[in-house]
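Try each task before you read its solution.

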Amino acid sequence: MSPPDQDRVVQRTATVEERVDAIQAALEARGLEASQAVEELGHLAEERWIPDNGARVVARAWVDPKFRMRLLANGRAAVVELGFTFPKHHRHLVVLEDTPWVKNVICCTLCSCTAFTIIGLPPDWYKDLEYRARVVRESRTVLKEMGLDLPREVEIRVWDTTADTRYMVLPERPPHTAGWPEEKLAAIVTRDSLIGVARL
Ligand SMILES: [Fe+2]
């Protein structure tokens, strides 16, 4: 005999939207203005925390050797010079300079941390469990799958982000850009090149 219907309760996991709504409702019930904060964060993520910021940093480093030195010595302080900001907990920004023989790549094996105020919020693939695990173990293969086929002699260095130490890759300047003004240079710098999974 089959069990009565009420015994067959189907457990369903709430969707992300449902969970967000539930958290927001709980915060608002306690007098915390969650929806306003969510709106503000959305605005910051879409308008202010964009890879164009990192692109401007890279372009400046390409044209100004003294700035480049400061950027490599203390990334956070040099980026702040250009008017960009960091959350308090991003205590260090380490800028990793690519060379013809070294390719730097960023990941966050624990979750999805980036220097988001200058690189932007992490793309979906960066948060993917597969990327986070495989980029460490088989970086050359992962980069090749992403369209970056590096010669064997290029050393790949993978940097694992932590809560207080964030990274940005300083990509190599393409040789055909000699003499270009800073703004034109900034326009060719992509988010993926700041994460290190692409060369320019
Ligand atoms: Fe993380």
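**Before you start**

This is a predicted model, in which local features need pLDDT of at least 70 and side-chain atom pairs count only at pLDDT 80 or more, while totals for chains, interfaces and linings use all residues. Residues are numbered from 1 along each chain as its sequence is written, and side-chain values use heavy atoms, leaving out hydrogens and water.

**Exercise 1.** Find leucine 32 and decide whether it is buried, partly exposed or exposed.

Step 1. Leucine 32 sits in the loop between α1 (16–29) and α2 (34–48). Helices (H or I, at least four residues) and strands (E, at least two) are DSSP runs, numbered from the N terminus.

Step 2. Apply the cut-offs: buried is under 20% relative accessible area, exposed is over 50%, and partly exposed lies in between (1.4 Å probe, protein chains only). Leucine 32 has a relative accessible area of 46%, so the residue is partly exposed.

**Exercise 2.** Identify the protein donors of the iron ion and their spacing along the chain.

Step 1. Donors are N, O and S atoms within 2.8 Å of the metal (3.2 Å for Na, K and Ca); water is not among the atoms, so sites may look incomplete.

Step 2. Cys108 (SG), Cys111 (SG), Ser112 (N), Cys113 (N) and Cys113 (SG) are the protein donors, lying 2.2 to 2.7 Å from the iron ion. Their spacing along the chain is C-x2-C-S-C.

Step 3. Cysteine 108 is buried because its relative accessibility is 1%, and cysteine 113 is buried because its value is 16%.

**Exercise 3.** Count the aromatic pairs and describe the one formed by tryptophan 49 and phenylalanine 116.

Step 1. Rings of Phe, Tyr and Trp (its six-membered ring) pair if their centres lie within 6.5 Å; planes under 30 degrees apart count as stacked, over 60 as edge-to-face and the rest as tilted. By this rule there are five aromatic pairs.

Step 2. Tryptophan 49 and phenylalanine 116 make a tilted pair, with 4.8 Å centre to centre and 55° between the planes.

Step 3. This pair links distant parts of the chain, 67 residues apart: tryptophan 49 is in the loop between α2 and α3 (51–63), and phenylalanine 116 is in helix α6 (residues 116–119).

**Exercise 4.** Find the salt-bridge partner of arginine 60 and compare where the two residues lie.

Step 1. Side chains of opposite charge can pair when their charged atoms come close. Here a salt bridge is a side-chain nitrogen of Lys or Arg within 4 Å of a carboxyl oxygen of Asp or Glu. The structure holds twelve salt bridges.

Step 2. The partner is glutamate 182, with the closest N and O atoms 2.8 Å apart.

Step 3. Arginine 60 is partly exposed at 27% relative accessibility, and glutamate 182 is partly exposed at 29%.
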